Amino acid sequence: MIAYFRFREQRLTSRLNLRFDERLAERTRIARDLHDTLLQSFHGLMFRYQAARNMLPRRPEEAMQALDGALERTEQAIAEGRDAIQGLRASTAVTNQLAQAVTALGNEMSRELASQGSTHGSARFHVVVEGPPRDLHPILRDDVYAIAREAVRNAFRHSQARNIEAELTYNGSSFQLRIRDDGKGIDPEIVTEGRAGHYGVSGMRERAKRIGGKLDVWTGIGSGTEIELSIPGSIAYGTSPRRGVFGLFSKKAAHG
């Protein structure tokens, strides 16, 4: 009888620890998303407004140009903040139907850019699913969706592509996400270090590594871009009792 109660206590403790780990991971993700959008953007705006102020009153024309640039950047910061908030809200609503979630994301980006009069919103977007879809751990799934969101938005906003494709591959050995476009390609420096004030490719790599995956980028000037996220099946689907996703996140939290 004592052994039975100890077993029940261990199970309850394990469940509580898992919930705490999930809450900690969610708080960390929210903090990172806000840092990569709102805080970075507003920090940059402070320098722009300060520079314009320093030009007054001796160089009014240059000050006006600086203020115009700062106002334009403010609009971008507001858009980035809106994207971050929408992303945080979406993460709690996204189910394991990743294909539908990514499709909705692409459609949303197309409508948003079209409403702003941008020709980039005219890019054709479609999603391909290879293999029967399988459930992913909710925390891992949110990070996969966040990587997809960043890659798709970058493709719409910066690639000048005519076609953008997202491919989800489910097989026994791994889960793979690929975002590819036929646009102008990415500057090698941005691939390595990311775009100033943005989450960037380097940030996506960090997120992929944190969930036990790997992110690769193939690109060239004028030859389009392909971003691939690959996660071993034992982690993505929790098929291995020792190296499943629950153990992965418990270790991450314990050593964080």
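What share of the contacts in the chain with a separation of 6 or more comes from residues 24 or more positions apart? I get 69%, where a contact means heavy atoms within 4.5 Å.

**Ground rules.** I am working on a predicted model, so I note that local features need pLDDT of at least 70 and side-chain atom pairs count only at pLDDT 80 or more, while totals for chains, interfaces and linings use all residues. Residues are numbered from 1 along each chain as its sequence is written, and side-chain values use heavy atoms, with hydrogens and water left out.

**Elements.** I looked up eight helices and five strands in the chain. These are DSSP runs numbered from the N terminus, with helices being H or I of at least four residues and strands being E of at least two. Read from the N terminus, the order is α-α-α-β-α-β-β-α-α-β-β-α-α.

Two strands pair here if DSSP finds at least two bridges between them.

I then zoomed in on strand 2 (residues 163–170) and strand 3 (residues 174–181), which pair in the antiparallel sense over seven bridges. Glu165 has Arg180 in strand 3 as its bridge partner.

**Salt bridges.** I found eleven in the structure, taking a salt bridge as a side-chain nitrogen of Lys or Arg within 4 Å of a carboxyl oxygen of Asp or Glu. In one of them, Arg207 meets Asp143, with the closest N and O atoms 2.7 Å apart. Arg207 lies in helix 6 and Asp143 in helix 4, so this pair ties together parts 64 residues apart in sequence.

Are Arg207 and Asp143 buried or exposed? Both are buried, meaning under 20% relative accessible area, with exposed being over 50% and partly exposed in between (1.4 Å probe, protein chains only).

I came back to Arg180, which forms a salt bridge with Glu167 at 3.3 Å between the closest N and O atoms. The pair joins strand 3 to strand 2, so parts 13 residues apart in sequence are tied together. Glu167 is buried at 13% relative accessible area, and Arg180 is partly exposed at 23%.

Arg180 also meets Glu226 in a salt bridge (3.5 Å, N to O). Glu226 lies in strand 5, so this pair ties together parts 46 residues apart in sequence. Glu226 is partly exposed at 22%. Which residues are linked in a network of salt bridges? My list reads Glu165, Glu167, Arg178, Arg180, Glu226 and Glu228.

**Whole chain.** Last entry: of the 256 residues, 40% count as buried.
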